[in-house]
Amino acid sequence: MDQMRELSQRQTAFTGPQLSSMSSVKLDAFHLATSPMPTSTWLPANITKQTFNPLIDEVPDDMRGLYDIVRVANLASLVRNNDPGKIIHNVVQMLKPGGWIQWNELDSAHRRVISSNPTVPSTHLSALLRYVDECENVMVGPRGWINSLGDIFSRYGLEQSRHDRFGMPDAYKVFENEYALLGMEELSRDLDARGSEEGQKVREMLGMAVEECGRNGQVVGMEMVVAIGRKGGGS
């Protein structure tokens, strides 16, 4: 049986419907908490869910060399000092020889305003993006590593490493915008938890930006970086 693993912080698109018809594939879904994941009763028998923090937890012995594929997603807020090395190190330990890592990460360091009418200026949304970027730089530091994942994989001995960037099709830009704005609200709650008054400011700016998006046909645009690499050995 092929073994797959998913490491993610936020809700991701579960492949339950596809995997339910693939009895030879088993997926272990690991998130930082169980709350963002579907209840077990909604999942096919070949999907399990557990918690795991790749920056804190040691890889258990029974998971070393277990997986054919490990998919990583939405962990940018965990990475510090522009270095995702600890996560990559842990993933390499989980992979079988010849196994693959795939890391999907939205390039939040290069958010931008996309407008259906470029002649209409963006005031509140642009201001929100600048302010959120400042907050994130203070909280987690630079995020240039996202656009260098393929090269970083190579430094950790992964073969055939590369990364590509993918934009959202126009038909899905509104969905992408909702996802981005919800992420900023989540950021505001993280700021609250730190005792910072900036969380309230983010929410106030967010309210004005949401109204502007609806009125002017503007959205937050981010590209998805998808990186892959292969562990040496295997057939």
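The model is predicted, so local features need pLDDT of at least 70 and side-chain atom pairs count only at pLDDT 80 or more, while totals for chains, interfaces and linings use all residues. Residues are numbered from 1 along each chain as its sequence is written, and side-chain values use heavy atoms, with hydrogens and water left out.

Begin by selecting Leu7, Val70, Val72, Val91, Trp103, Trp145 and Phe153, which touch the most other members of the largest nonpolar core, a set of 28 residues. Such a core joins buried Ala, Val, Leu, Ile, Met, Phe, Trp, Tyr and Cys residues through side-chain atoms within 4.5 Å; buried means under 20% relative accessible area, exposed over 50%, and partly exposed in between (1.4 Å probe, protein chains only). Next, colour strand 4, helix 2, strand 5 (95-106), helix 4 (149-155) and strand 9 (224-230), the elements that give two or more residues to this core, with helix 2 providing the largest share, five residues. Helices (H or I, at least four residues) and strands (E, at least two) are DSSP runs, numbered from the N terminus.

Now centre on Trp103, whose contacts (heavy atoms within 4.5 Å) include Val72, Ile88, Trp145, Phe153 and Val226, not counting residues up to four places away in sequence. Then select Leu106, Tyr131, Val140 and Val220, which are among the members of a second, separate core of 21 residues.

Most residues other than glycine have a negative phi. Asn74, however, has a positive phi of about 60°; Asn74 lies in the loop between strand 4 (67-73) and helix 2 (85-94) and is buried at 13% relative accessibility. Finish at Gln160 in strand 7 (residues 159-166), where phi is also positive, about 55°, but where the residue is exposed, with a relative accessible area of 55%.
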